[in-house]
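Please look at the sequence and the model first, and then read the notes below.

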Amino acid sequence: MKLLPLTEPVLLVLLSLAEQPRHGYSILKDVERMSDGDIVLSTGTLYGALRRLLDQGWIERFEEKENSRDRRAYRLTSRGRRNLQLEIERMKHLIKLAALRSARQGA
Amino acid sequence: MSLLTLYRGLLYLYPSGYRREYGEEMSAVFREVEQDAADHGYAPCAAFCAREILGLLSGALREHLGGATPSWIPFRRFAMRPEFRFPRSTIFMMLALLAAVVLAIAEAESVQAKYSHATGSAWLPMVSILGYMLVVMCAAAVVWAILFALRRSGAHRLANLQAGDERSPVAACER
């Protein structure tokens, strides 16, 4: 089953959760901040992605106590972290390849 | 009608299981984002509304399709389900429609041959062909609807259980 490459919004959601567990609103804001406002997710898009990531065991959900109320938050699982690392390695390889090719063209 | 009421109404486009699982949480997040957008003026608020409505419509479609998303919907590459099994009832419907079109073409040719030298109304053959197509398509749609309803009712799972499935009912229902 081919999972990679991820789309940019999903990659940003995973990166957001890689730093620390977050709830839905916090993920939306962090994705917006990381992309300099280029990617603003709707709640429908965000929760569609979260549902698929939960189904695949890349993230998990837990109850977080915040301001005396329970709130659902999400965090990366070890599988999610491993797959995120794979994607980062893939991107690094791609950038290296791009640098090599463009340098060859310039020479 | 407030935006939140509209949002909650649009959530009914999602499958009921999804709505039960995420509906409240999505509404709570929507409320927070709505407050942010309202603080930034009219244009961000309008953009927010458009984004949310489109997001809900495409999200609901994606959930109903079970991950098999068209290319114009974001997250297509992240459709992580191993395969999308096309419903058999839909295949039947498509075949029935194809048969209807083929039969209509054949009928059209015969009607054209019959009326080629006639001097009567030119609309008569057309009405005949359209009526023929309509009847066949309606019949196909009815059969498809019956198959779809049976599928949704879970009758096939019940039949599997009655056929002596050795697994537990829970396991059989989870398939």
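Two residues are in contact if their C-beta atoms, placed from the backbone, lie within 7 Å. By that criterion, 22 residues of chain A are in contact with 22 residues of chain B. The model is predicted, with local features needing pLDDT of at least 70 and side-chain atom pairs counting only at pLDDT 80 or more, while totals for chains, interfaces and linings use all residues. Residues are numbered from 1 along each chain as its sequence is written, and chains are lettered from A and ligands numbered from 1 in the order in which they are written.

**Side of chain A that touches chain B**
- The elements giving two or more residues to this side are α1, α2 and α3 of chain A.
- The largest share, 8 residues, comes from α3(A).
- This side divides into 11 nonpolar residues (Ala, Val, Leu, Ile, Met, Phe, Trp, Tyr, Cys and Pro), 3 charged (Asp, Glu, Lys and Arg) and 8 polar (the others, Gly among them).

**Chain A**
- Chain A has 4 helices and 3 strands, where helices (H or I, at least four residues) and strands (E, at least two) are DSSP runs numbered from the N terminus.
- From the N terminus on, the order of its elements is α-β-α-α-β-β-α.
- Of the 107 residues in chain A, 30% are buried, that is, 20 or more other C-beta atoms lie within 10 Å of their own.

**Contacts of I59(A)**
- Leaving aside neighbours within four places in sequence, I59(A) is in contact with residues including L17(A), L50(A), Y74(A) and G80(A).

Technical notes
A residue is buried if 20 or more other C-beta atoms lie within 10 Å of its own, exposed if 12 or fewer, and partly exposed in between; C-beta atoms are placed from the backbone.
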